[in-house]
Amino acid sequence: MRGAAEGQVATATRRSAGARQPFHIRFQPSTGRLIPHVESFYLAHIDASRIEGVERFDLGQWRFCLEGGGSVTFPDGHCETTHRVTVNGPGTAHWTYRLEGPFRCFGLSLRGIGWRTLIGRPADQVADRLVDGSEIFGPEVQDLYTRLCALESLEAMVAAVEPLLLRRLDSARRVPTAHIAFLRIVREWAASGDPAIEALYEAMEAETGMGQRQVQRLCKEYFAGPPNHLRRKFRAIGAAMRIHQGAPLAEVMAPFADQSHMINEIKHFTGQTPGLLRDGIDPVLAATLENEKFHFLPDVIPETVDLSGR
């Protein structure tokens, strides 16, 4: 799976350790007005009575646990129980989960602007937490949950959730122009290879007049951490993707101080060593590392998106 073009659905099927049936996940990119806000929709299914795994550091997610549920243990060691409708902010590192199955989940992966317009809470206030969706969306989200449980296809679920998303967009405050510039600059900065923090500050100062403290505040609001932590995330996930897809370690070490540094950073953000990224990898993690489009730079807006209408 190497990503899906707009409107297409990408599918991954893997046999997970201990599961009677393969792990199956389908991705569908957003379209129309939702493109700046939602990177993709997905429907995942694991047919096993008990499921244990690891989830790499993630971006903002909105998930409907249609079947099964369990608990998540976060980087600081605290454990939380999943909700029927769960919102979780961008993570600071990998976390582990234990679920009672069979498990079926419909979810949305949110871009930075989508986090602000659809969720409306600073990301650093809900990082490494599971928030009950009813706290954010009110009682109507439980009615939506009931309708989703009766549906089978990803396409039908996307059609069912889109009206609520569009209503949220219509009622949301317009994203400040400086914030849109910030997200674009972050994209360019992160895509530069091994970005220096000073380069981000200089670009923001030149285009928006913002100082370092303002940039740090926006990084926390949208990405749940300061610029240096965001830099580490991009660097580690980029390296993990390349290793999982077969690149030699020597080719991905350049941004790191040495091999030990690379191993520690990759493990911190993915829960896996470079060796495990190729053999015996958790199927959920594998699905996100194999798809070059999914979860690498999805929390910054696509370069071609026009936000003048939102």
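A word on the model itself: it is predicted, with pLDDT of at least 70 needed for local features and 80 or more for side-chain atom pairs, while totals for chains, interfaces and linings use all residues. Residues are numbered from 1 along each chain as its sequence is written, and side-chain values use heavy atoms, leaving out hydrogens and water.

Two packed helices are described by the angle between their axes and the distance between the axes. The axes of α1 (residues 112–119) and α4 (residues 154–171) come within 8 Å and cross at roughly 85°. That makes α1 roughly perpendicular to α4, the label for 65 to 115 degrees; angles under 35 count as roughly parallel, over 145 as roughly antiparallel and the rest as oblique.

Another helix pair is α7 (residues 212–223) with α8 (residues 227–244), whose axes lie 9 Å apart at an angle of about 50°. So α7 is oblique to α8. On the α7 side V215, Q216, C219 and F223 make the contact, and on the α8 side P227, L230 and K233 do. Sorted by type, they are five nonpolar, one polar and one charged.

Now turn to the rings. The structure holds nine aromatic pairs, meaning rings of Phe, Tyr and Trp (its six-membered ring) with centres within 6.5 Å; planes under 30 degrees apart are stacked, over 60 edge-to-face and the rest tilted. F41 and F106 form a stacked pair, 6.3 Å centre to centre with 0° between the planes. The pair links distant parts of the chain, 65 residues apart: F41 sits in strand β3 (residues 38–46) and F106 in strand β8 (residues 95–110). Both F41 and F106 are buried, that is, under 20% relative accessible area, where exposed is over 50% and partly exposed in between (1.4 Å probe, protein chains only). Ring pairs link F41, W62, F64, F106 and F137 into a cluster.

R63 is buried, with a relative accessible area of 16%.

Methods. Axes fitted to C-alpha atoms, helices over the stretch in contact; angles between N-to-C directions. Helix = DSSP H or I, 4+ residues; strand = E, 2+ residues; numbered from the N terminus. Contact = heavy atoms within 4.5 Å. Nonpolar A, V, L, I, M, F, W, Y, C, P; charged D, E, K, R; others polar.
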